[in-house]
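Reader: I'd like to go through this entry with you and ask what stands behind each label. Could you show it to me?

Author: Gladly, here it comes.

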Amino acid sequence: MDKIIITGGERLCGKLPISGAKNAALALLPCALLTEEALTLRNLPRLADIDGFQHLLNQFGVSTAIAGSRPEDFGRVMTLQATRLTGTTAPYELVRKMRASILVLGPLLGRAGEATVSLPGGCAIGNRPIDLHLKALEAMGVRIEMAAGYVRAIAPDGGVPGGDFTFPVVSVGATENALMAAVLASGTTRLENAAREPEIVDLCNLLVAMGAQIENIGEPDLVIHGVPRLHGATYRVMADRIEAGSYACAAAITGGDITMTGANIAQMGATVHALRSAGVIVEEAADGVQVRVDGPLKAINLSTAPYPGFATDMQAQLMALLCRAEGTSVLHETIFENRYMHVPELSRMGAQIETTGRTAVVHGVPMLTGAEVMATDLRASMSLVIAGLAAKGQTIVHRLYHLDRGYERLEEKLALVGARVERVGSE
Ligand SMILES: CC(=O)N[C@H]1[C@@H](OP(=O)(O)OP(=O)(O)OC[C@H]2O[C@@H](n3ccc(=O)[nH]c3=O)[C@H](O)[C@@H]2O)O[C@H](CO)[C@@H](O)[C@@H]1O
Ligand SMILES: C=C(OP(=O)(O)O)C(=O)O
């Protein structure tokens, strides 16, 4: 198992490229199931989760080919083609390892009229139910049966009728599944209180490029008029706003000055607002987003919320930054009940954080110290890297496979801006 060794104290300066967004890519890949024609995705990040999803799609008879990228390049181009589906079951083994596997449910239903997908169960950051995915599909005329840990979804007469559904809480995954089931429905689907994250907009834009009819893209009331068939497309995955926000925190905690090429400031509103409130200068640059610091970091208060609110996927990284701010910050995690697992590890590095339920109180400290720490989930891992970059001495982050799910060649990107980081194999 790989680990990363960080020698803290270097100011991060220079340029680093931002990859395609994992959370967008994982919703775009299953769109290959919706057509027999070829789908080409550009700017796909090289991540363990993308490889896992490719493997899952191969199980349904989707052919996948990677082209046009040298090993030293970031990103890849993948062409996927589902000429004929050879299966409609997503097994427990794959869904357990990669929660986004649940996103094959909607497109399999749309294309084949049926799907059997393992229930994903809980995970480190909390309970991750799929009841809203199923309720939305039921409202669209799909029959749902549960047996032996699997969901079996069946569309009457082989096709999804379509229908109206109001989400009681905003769900990114359920909105994505409902969208992908609705595009090939025989009727119209109206989704109220739908998620409107930029990754949802990216999914809608790809579906439209494939011939789907979707109104109100980027709004909470989506209207999808089903079409009889979709065609192939070539599409570029949006930039990863969470990766960019993470490197922004990394640069800021070191008092650095970096430009993140390819980052899109328009999609980073709440993160940019939080960083600016904390005293970080964030500006649009000709080729991306520039982040620098020329004064002390300040404490802030914030709550995570669905877009356009502050993303839960940025909470851990921002907390690491606030550990070095002047004053006391209060964070409130509203999306996942157990997303503070980085707190005990940050505390081992000298951070002063108290948690009560979903609230974390972060007392800024003048110095963090390097330590051996354990990554527990993807963003928690990144928060430890960020703290390590500013800490005195060496920080060793174990269980790097979490980071590899979501950060494309992290150590190479950090080295580009002057960090002293080393990846070493086997523990
Ligand atoms: C709204 C939100 O911030 N969603 C985040 C969530 O997406 P992800 O799609 O994983 O989760 P959802 O958006 O579906 O979950 C939002 C909330 O709804 C609840 N829920 C969800 C589905 C369901 O069927 N029933 C139900 O009760 C969840 O427990 C959670 O409290 O995690 C991803 C990975 O960290 C993030 O990229 C997303 O930004
Ligand atoms: C938790 C995350 O991803 P996933 O939903 O794939 O677990 C994340 O992107 O922060």
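Author: Let's begin with two helices: the axes of helix H8 (residues 241-253) and H10 come within 9 Å and cross at roughly 5°. Axes here are lines fitted to C-alpha atoms, for helices over the stretch in contact, with angles from 0 to 180 degrees between N-to-C directions. This is a predicted model, in which local features need pLDDT of at least 70 and side-chain atom pairs count only at pLDDT 80 or more, while totals for chains, interfaces and linings use all residues. Residues are numbered from 1 along each chain as its sequence is written, and chains are lettered from A and ligands numbered from 1 in the order in which they are written.

Reader: Why are H8 and H10 called roughly parallel?

Author: The crossing angle is roughly 5°. Angles under 35 degrees count as roughly parallel, over 145 as roughly antiparallel, 65 to 115 as roughly perpendicular and the rest as oblique. H8 and H10 are therefore roughly parallel to each other.

Reader: Which residues meet between H8 and H10?

Author: Gly245, Ser246, Cys249, Ala252 and Ile253 in H8 meet Gln317, Leu318, Ala320 and Leu321 in H10. Residues are in contact if their C-beta atoms, placed from the backbone, lie within 7 Å. The residues of this contact divide into 6 nonpolar, 3 polar and no charged. In this scheme Ala, Val, Leu, Ile, Met, Phe, Trp, Tyr, Cys and Pro are nonpolar, Asp, Glu, Lys and Arg are charged, and the others, Gly among them, are polar.

Reader: And what makes a stretch a helix or a strand?

Author: Both are DSSP runs numbered from the N terminus: helices are H or I with at least four residues, strands are E with at least two.

Reader: How do you know that asparagine 43 is buried or exposed?

Author: By counting neighbours: a residue is buried if 20 or more other C-beta atoms lie within 10 Å of its own, exposed if 12 or fewer, and partly exposed in between, with C-beta atoms placed from the backbone. Asparagine 43 has 21 C-beta neighbours inside 10 Å, so it counts as buried. Asparagine 43 sits in strand S3 (residues 38-44), and it has a positive phi of about 65° although it is not a glycine.

Reader: Which strands pair with S23, and in what sense?

Author: Strand S1 (residues 3-7) pairs with S23 in the antiparallel sense over 4 bridges, and strand S22 (residues 372-374) pairs with it in the parallel sense over 3 bridges. Two strands pair if DSSP finds at least two bridges between them. Threonine 395 in S23 is the bridge partner of isoleucine 6, and valine 397 in S23 stands opposite valine 373.

Reader: What makes S4 and S14 edge strands?

Author: In the open sheet with the order S4-S5-S3-S14, where the pairing is mixed, strand S4 (63-67) and strand S14 (233-236) each pair on one side only. S4 is joined to strand S5 (residues 76-81) by 5 bridges, and the two run antiparallel.

Reader: Why is leucine 132 called partly exposed?

Author: Leucine 132 has 19 C-beta neighbours inside 10 Å, so it counts as partly exposed. Leucine 132 lies in helix H5 and touches Phe167, Ser171 and Ala174, not counting residues up to four places away in sequence.

Technical notes:
Two residues are in contact if their C-beta atoms, placed from the backbone, lie within 7 Å.
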